[in-house]
Amino acid sequence: MDLDANGGNSRVFHRLGAQPGDQPKQQKVCAYWRAGKCNRFPCQFLHRELSGPTPNTANGAGGSSKRGLSSDSGFSGPPTVRRSSNFNNGSRWGRPANNRVVRKTEKLCNYWVQGNCGYGDKCRFLHSWSLGDGFSLLTQLEGHQKLVSGIALPSGSDKLYTGSKDETVRIWDCQSGQCAGVFNLGGEIGCTMTEGPWIFFGIPNVVKVLNTQTNTELSLNGPLGQIYAMVVGNDLLFAGTQDGAILAWKFNATTNTFEPAASLKGHSMTVVSLVVGANRLFSGSMDHSIRVWSLDTLQCVQTLSEHTSVVMSVLCWEQFLLSCSLDKTVKVWAATESGNLEVTYTHNEEHGLLTLCGMHDLEGKPLLLCSCNDNSIRIYDLPAFSERGRIFAKQEIRVIHAGPSGLFFTGDGTGQVRVWNCVSESSATSS
């Protein structure tokens, strides 16, 4: 019989992962064995809990073959999971089942997304596209083949328009949720915006315009490169261009056309976000800055440089300006007595931020929806920035659009558009 210096069975000792001369209590327990996935033989780590009883050598632990089971085990194939000799009494992976607590995390289960998670309800990761009780998923709109870059719901229309990098615009019937039409614009759509019956689509070197009431189609030339942001203010249409300029057009009711009005220059890199408020135009750029323009003079009156990366989105909320960036922050700006904007609060996230959307829930409480580049949206109550919930997607969500009566829409990198609905706290509690 093969005995060690302490009178123990060295073959059993070695099978549990020890090296000659080592003591079992000095060894580490194999993490892969604990998870039921260790297939090493011999393994340099212990295949038993340190606090557990000494393996019983009479249970056939000795005499193992290189396949990991004794020759008289009655199993001729290689094992997929190696268990220790003290695996009994209904334990799972060497631990008592009644001591195993499943805790849900705030992370989406990647295996569930792919449709092949085997843990079911026992999985500690989320098996849901949302976390929180203040909203619900109404429907999913399938059809786009690439990232959804714009969503528009024209005033007085029962149709939803979505633009994508697959160069198409899809028209969805708001009653049935079915696609009512598709047309190709001949270029990647960088952004989509609506004002009254007009819908504007930004594609490389041109703005495409559609009047949903008259079916009038126009093309506005002048931009250089892709257009990522548009906004209407003071009867002017503004478009941020890839070369850093902001072009403006004014609508001529007599000729029913848009005429060039101005070119605002100052940014050194692409303009990716625009918003109008308090008689000002605010522009966020890849040059890490926000420029503030007077709508009366179309001159830059202030440059905000507190962000350290691309300013992806700007939002006006009452007397405040909110901005988000790939620097993982949301900044809240307020005007001083001199009229200049200063940061009054900075909210930090773990990931870069892509877009902001403000809306009110059914009880009139203000909500801020922040899309992060970890394929999720954080939903915050304002002004406290207390998190109400999260929304998840297979790829990053680049566009969020607030609709009427608590509706909002999201579009992600897979081309999927989702329709969400805010629910009242009482409804969420009763359900």
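**Briefing: cysteines, pocket and annotated repeats**

A search of the whole structure finds 0 disulfides. The structure is a predicted model.

**Cysteines**
- Cys370 takes part in no disulfide, and the nearest cysteine sulfur, which belongs to Cys372, lies 6.6 Å away.
- Cys372 is likewise in no disulfide, its nearest cysteine sulfur being that of Cys370 at 6.6 Å.
- A disulfide requires the two cysteine sulfur atoms to be within 2.5 Å.
- Cys370 is buried, with a relative accessible area of 0%.
- Cys372 also counts as buried, at 0% relative accessibility.

**Largest pocket**
- The volume of the largest pocket is about 1,200 Å³.
- The lining of this pocket consists of 45 residues, and those closest to its centre are Thr192, Met230, Leu274, Thr355 and Ile400.
- Two or more lining residues come from each of these elements: strand 3 (148-152), strand 7 (191-195), strand 11 (227-233), strand 15 (271-277), strand 19 (311-317), strand 23 (353-360) and strand 27 (397-402).
- By residue class, the lining comprises 28 nonpolar, 13 polar and 4 charged residues.

- Across residues 264-303, the chain is 57% strand and 0% helix.
- The C-alpha atoms at the ends of residues 264-303 are 14 Å apart.

Note on methods:
Residues are numbered from 1 along each chain as its sequence is written. This is a predicted model: local features need pLDDT of at least 70, side-chain atom pairs count only at pLDDT 80 or more; totals for chains, interfaces and linings use all residues. Side-chain values use heavy atoms; hydrogens and water are left out. Helices (H or I, at least four residues) and strands (E, at least two) are DSSP runs, numbered from the N terminus. Buried means under 20% relative accessible area, exposed over 50%, partly exposed in between (1.4 Å probe, protein chains only). On a 1 Å grid over the protein atoms alone, a cavity is a set of points where a 1.4 Å probe fits but cannot get out, and a pocket is an open set with protein on both sides within 12 Å along at least five of seven lines; lining residues have an atom within 4 Å of a point. Grid points are joined across faces, edges and corners, and a volume is the space filled by probe spheres set on the points. Ala, Val, Leu, Ile, Met, Phe, Trp, Tyr, Cys and Pro count as nonpolar, Asp, Glu, Lys and Arg as charged, and the others, Gly among them, as polar.
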